[in-house]
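Here are a few notes to read alongside the model. Keep the 3D view open and find each residue as you go.

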Amino acid sequence: YAYTHAHAHTHTVGNAFIPLMKLDPNLFVSAVDLSVKAIEFVKKHEMYDEKRCDVYACDITKHDLPRSISNRRADNVLLLFVLSAIAPNKMLVAMRRAVSVLKSGGHFFFRDYGRGDHAQLRFKDNGHKLEENFYARNDGTRAYYFTVDEIRRLFCLVGLSVVKLEYIRRTVS
């Protein structure tokens with residue numbers, strides 16, 4: 001998770017939104033999600049406070065981020081399982097939009113699916129494969145499985161310097 005100093009601005013949504021709000025009572029969080037339902041869920045949560053956060057439904061593959069976010073700029077940006085849901089040919093534009101709100105010297109945090117993940121291996125050849133390493137789930141959502149080199153290349157294309165980039169490996173028994 002992206003921990004920031006008091007009064008810092010962090011842009012994120014989904015499962016990270018509430019833990020970040022709880023982590024630091026002085027944190028201002030901007031959240032963006034494609035799903036209107038996800039935004040409605042956040043707005044109904046007891047932690048939601050317009051003085052501490054702003055949330056928007058936005059497709060970052062098609063639209064710039066809302067002006068209130070881009071004008072405020074962020075100390076940190078977190079993409080948590082975002083890129084994997086985006087078609088590979090739209091990932092670069094989404095990354096450019098996400099990075100565009102980052103202050104100079106800010107930090108970009110990223111977590112997503114890795115190539116060879118157990119979930120990827122379960123897809124098999126049952127009509128779910130959209131492209132190489134890109135699949136459709138039964139619920140209509142999509143998942144791309146990255147290599148570290150792919151992410152490093154994408155980060156370099158948007159002007160980010162990689163500090164730490166590695167697979168998180170877990171064994172499930």
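1. Start with E150: which residues does E150 touch, leaving aside its neighbours within four places in sequence? They are R115, Y144 and Y145. Please keep in mind that this is a predicted model. E150 is found in helix α6, and its side chain makes a polar contact of 2.6 Å with the side chain of Y144. With a relative accessible area of 18%, E150 is under the 20% cut-off, so it counts as buried.

2. Next, look at the aromatic rings, which form eight pairs in the structure. In one of them, F108 and F155, the ring centres are 5.4 Å apart and the planes meet at 80°; an angle over 60 degrees counts as edge-to-face, so this pair gets that label. F108 sits in strand β5 and F155 in helix α6, 47 residues apart. Both F108 and F155 are buried.

3. Now compare Y113 and Y145. Their ring centres lie 5.3 Å apart with planes at 45°, so the pair is tilted. Y113 is partly exposed at 24% relative accessibility, whereas Y145 is buried at 1%.

4. Finally, find the largest pocket, with a volume of about 1400 Å³. Of its 38 lining residues, F110, R111, D112, E166 and I168 are the closest to the centre. Strand β5 gives the largest share of the lining, seven residues. By class, the lining has 22 nonpolar, eight polar and eight charged residues.

Notes
Residues numbered from 1 in each chain as written. Predicted model: local features only at pLDDT ≥ 70, side-chain atom pairs only at ≥ 80, totals over all residues. Heavy atoms only, no water. 1 Å grid on protein atoms, 1.4 Å probe; cavity = no way out; pocket = protein on both sides within 12 Å on 5 of 7 lines; lining within 4 Å. Points joined across faces, edges and corners; volume = space filled by probe spheres on them. Helix = DSSP H or I, 4+ residues; strand = E, 2+ residues; numbered from the N terminus. Nonpolar A, V, L, I, M, F, W, Y, C, P; charged D, E, K, R; others polar. Buried < 20%, exposed > 50% of the residue type's maximum accessible area, 1.4 Å probe, protein only. Polar contact = N/O pair within 3.5 Å; in protein donor to acceptor, adjacent residues only side chain to side chain. Contact = heavy atoms within 4.5 Å. Phe/Tyr/Trp six-rings, centres within 6.5 Å; stacked < 30°, edge-to-face > 60°.
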